[in-house]
Amino acid sequence: MRFLTLISLGLSAIISFGAVANELTSLAPQHQTGASQHAPTVPKNMVIMIGDGMGPAYTTAYRYFKDNPNTQEIEQTVFDRLLVGMSSTYPARSSGYVTDSAASATALATGYKTYNGAISVDEQKQPIPTLFELARARGMATGLAVTSQVNHATPAAFMVHNEHRKNYVEIAEAYLDTGAEVILGGGQKYFSEELLEKFKAKGYQHITEFSQLDGIDKPKVLGLLAEVQLPWVIEDKQGHKLRTLTQKALDLLSQHEQGFVLLIEGSLIDWAGHSNDIASAMHEVDEFAAAMEVVEQYVREHQDTLLVATADHNTGGLSIAAGKDYAWHPEFLHHVTMPPYILAEKLVEQDEWQSSLTAAIPLEFTSEQMELIADARAQGAEPLTYALQTVIDQHSNTGWTTVGHTGLDVQVFATGPGASLFNGSQDNTDIAKKMISLLPQLPAKQQ
């Protein structure tokens with residue numbers, strides 16, 4: 001067996017991977033273009049941001065979604081500013097060429113390929129040390145802020161180990177022993193009262209409302225702010241959830257003198273992609289971009305901090321234009337007020353449904369489109385959801401190839417000390433290896 005069982009890994013499994021990490025330290029850059037002469041070449045803090053499912057078409061579409069039509073130029077976004085490279089995403093050979101979030105997150109967290117569904121275990125289901133564990137062994141703080149449940153595949157792969165991503169309760173229970181200072185997102189349904197009491201006994205402040213965030217001024221915090229996922233950005237009247245969580249996580253982790261590693265995930269980009277819901281996808285990418293700008297500003301003010309952002313895979317096969325028309329029309333997507341599946345559930349319950357339809361999707365529907373919607377409504381919420389998505393795609397001229405994932409390479413964005421390591425083409429495992437290479441050396445007695 002290559003590694004010991006995780007919960008008893010202590011430092012033995014960490015050391016086995018730490019030797020590799022130490023060899024990689026020589027990759028650290030000596031200069032950062034445009035940085036201050038006194039800026040460090042190796043980061044004290046690292047932030048990894050993952051736009052789940054956010055393939056290249058999403059960030060390109062977002063540029064046009066945000067474009068100001070009153071200017072001649074098409075304005076840059078944070079993705080344009082910070083783009084440095086590309087990454088392949090394929091899982092272990094046993095799972096083929098198309099990854100799921102668990103295998104790709106494992107690659108990004110450990111530097112190893114594994115099977116789809118695996119949470120930081122190898123193909124023999126043995127634990128693989130993660131970036132978070134290696135950081136903690138060096139005295140660093142760790143934390144996460146996500147828009148899905150906190151024990152979903154991506155955050156789980158950085159935190160714990162499990163043979164399958166769907167073991168949500170087991171994963172939640174394993175979080176108790178991670179020592180993470182900040183855990184923010186959804187997932188209340190997976191944390192029993194007994195488990196919550198155990199977290200409190202370990203010094204965690206447990207909160208369930210966003211309004212309680214202001215009262216948290218020091219780690220440790222377990223913020224379970226929704227039953228499962230956080231609200232969709234498109235219908236969240238208060239809004240700005242991820243950027244708020246990102247700022248709070250940075251504020252709390254900055255108190256740790258030995259540095260920190262933070263994971264931020266825009267989880268619901270992927271969920272919108274699975275639904276082929278272009279309006280929700282653009283609003284979720286918008287919030288993720290805003291969170292990236294929060295970290296980008298933090299890096300400007302703290303030149304010892306590295307930001308690396310990427311996607312774990314591409315979802316939905318999004319196409320910017322469809323059919324024969326050389327056009328894409330994102331303008332009205334700003335005014336769509338809820339995901340089609342939620343709107344469909346409401347419309348099937350209403351007799352006077354037409355006014356609710358036009359309020360949520362402000363379009364001039366053709367007679368054919370209204371007939372399509374009316375016929376679908378008579379069949380139930382699921383057919384109606386598909387009809388609503390079809391109409392939105394027709395007006396924006398958006399195309400999709402699948403409701404699953406694709407094997408597309410994804411973009412890599414970076415800024416701060418060590419950012420040049422991520423230039424060019426690389427594998428997702430390389431991202432983990434490079435970040436691990438930038439961790440401090442282990443104390444001599446632990447090597």
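## Strand E13 and its partners

Strand E2 (residues 83-88) and E13 run antiparallel and are joined by four bridges. Strands here are DSSP runs labelled E with at least two residues, while helices are H or I runs of at least four, numbered from the N terminus. Two strands count as a pair if DSSP finds at least two bridges between them. Within this pairing, Ser87 has Val410 of E13 as its bridge partner.

E13 also runs antiparallel to strand E8 (residues 305-310), again with four bridges. Buried means under 20% relative accessible area, exposed means over 50%, and partly exposed is in between (1.4 Å probe, protein chains only).

## About the model

This is a predicted model, where local features need pLDDT of at least 70 and side-chain atom pairs need 80 or more, but totals for chains, interfaces and linings use all residues. Residues are numbered from 1 along each chain as its sequence is written, and side-chain values use heavy atoms, leaving out hydrogens and water.

Let's look at Lys241, which sits in helix H9 (residues 241-253). Lys241 counts as buried because its relative accessibility is 10%. Lys241 and Glu287 are 46 residues apart in sequence, and their C-alpha atoms are 8.0 Å apart in space.

Now for Glu170, which belongs to helix H7 (residues 168-174). Its relative accessibility is 46%, so Glu170 counts as partly exposed.
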